[in-house]
Amino acid sequence: MRFTQLAALSLLSLAACYDPATDDSVMDVPSGTFMLYDAYGDSADSGGDGADPNADLLVLDIAGLQFEVQPADGTTPTSGALSLQDEELWIDDCYTNVDHATTRSYTLDVDQVVISGYTVASPVLSAKCGGRPLMWSAETEGAPESGLVLVFDELPQD
């Protein structure tokens, strides 16, 4: 009888600790300088022009809500503001057995952005589990699960 009571009390204390309303953590896109790692999705095979995928740089200042795309060929950079999207558009990821994280998403204040030969219309920015930045088009239905998604890695430090 005592073992059954002890087991029941243990289960109750574990259940009392879990609150799904407060257990979800919110992550953010990291600031820094990034290079294109890869492009995934329906149009990835035909979207690029064969340019070096690691040539153009994406510079993010999340605290300052600013971005810049620096072309490797020295042409004029594309820069502008980032706008935080409504919370219902943020990305749920990093699932565990009982929880997940949510990563903020931002729109870029330009009609399109060109990075290493890939053109992204109405670009949206988020990150996988708050780490590796992702960019896709807001015009793509079901994005970022479908359509072209650009994946970035932090620029290695020399």
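His-100 counts as buried, at 18% relative accessibility. Buried here means under 20% relative accessible area, exposed means over 50%, and partly exposed lies in between, with a 1.4 Å probe and protein chains only. His-100 sits in the loop between S6 and S7. Its side chain makes a polar contact of 3.5 Å with the side chain of Asp-92. A polar contact is a pair of N or O atoms within 3.5 Å; within protein, one must be able to donate a hydrogen and the other to accept it, and residues adjacent in sequence count only if both atoms are side-chain atoms.

This is a predicted model: local features need pLDDT of at least 70, side-chain atom pairs count only at pLDDT 80 or more, and totals for chains, interfaces and linings use all residues. Residues are numbered from 1 along each chain as its sequence is written, and side-chain values use heavy atoms, with hydrogens and water left out.

Now the whole chain. It has three helices and 13 strands. Helices (H or I, at least four residues) and strands (E, at least two) are DSSP runs, numbered from the N terminus. Of the 158 residues, 34% count as buried. The chain exposes about 9,400 Å², and carbon and sulfur atoms supply 52% of that area. Accessible areas come from the Shrake-Rupley method with a 1.4 Å probe; for residues, only the protein chains shown count as cover.

Next, the barrel. Eight strands close it in the order S2-S3-S4-S5-S8-S11-S12-S13, with antiparallel pairing. The twist averages 35° from one strand to the next. Axes are lines fitted to C-alpha atoms, for helices over the stretch in contact, and angles run from 0 to 180 degrees between N-to-C directions. Two strands pair if DSSP finds at least two bridges between them. S2 and S13 are joined by six bridges and run antiparallel. In that pairing, Met-35 has Asp-153 in S13 as its bridge partner. S2 also pairs with S3, in the antiparallel sense, over four bridges. There, Gly-32 stands opposite Leu-60 in S3. Strand S5 (residues 78-84) pairs with S8 over three bridges, again antiparallel. Leu-84 has Tyr-106 in S8 as its bridge partner.

In soluble globular proteins, nonpolar side chains tend to be buried together.

Polar residues are buried too. Ser-105, in the loop between S7 and S8, is buried with a relative accessible area of 0%. Its side chain makes a polar contact of 3.4 Å with the side chain of Ser-126. Leaving aside neighbours within four places in sequence, Ser-105 is in contact with residues including Leu-84, Ile-91, Val-124 and Trp-136.

S1 and strand S7 (residues 101-103) run parallel, joined by three bridges. Val-26 stands opposite Thr-102 in S7.

Asp-93 lies in strand S6. Asp-93 is buried, with a relative accessible area of 2%. Its side chain makes a polar contact of 3.3 Å with the side chain of Thr-103. The C-alpha atoms of Asp-93 and Thr-103 are 7.3 Å apart, and the two residues are ten residues apart along the chain. The Asp-93 side chain also reaches the backbone nitrogen of Cys-129, at 2.7 Å. Beyond residues up to four places away in sequence, Asp-93 touches residues including His-100, where this account began.

Definitions and conventions: Contact means heavy atoms within 4.5 Å.
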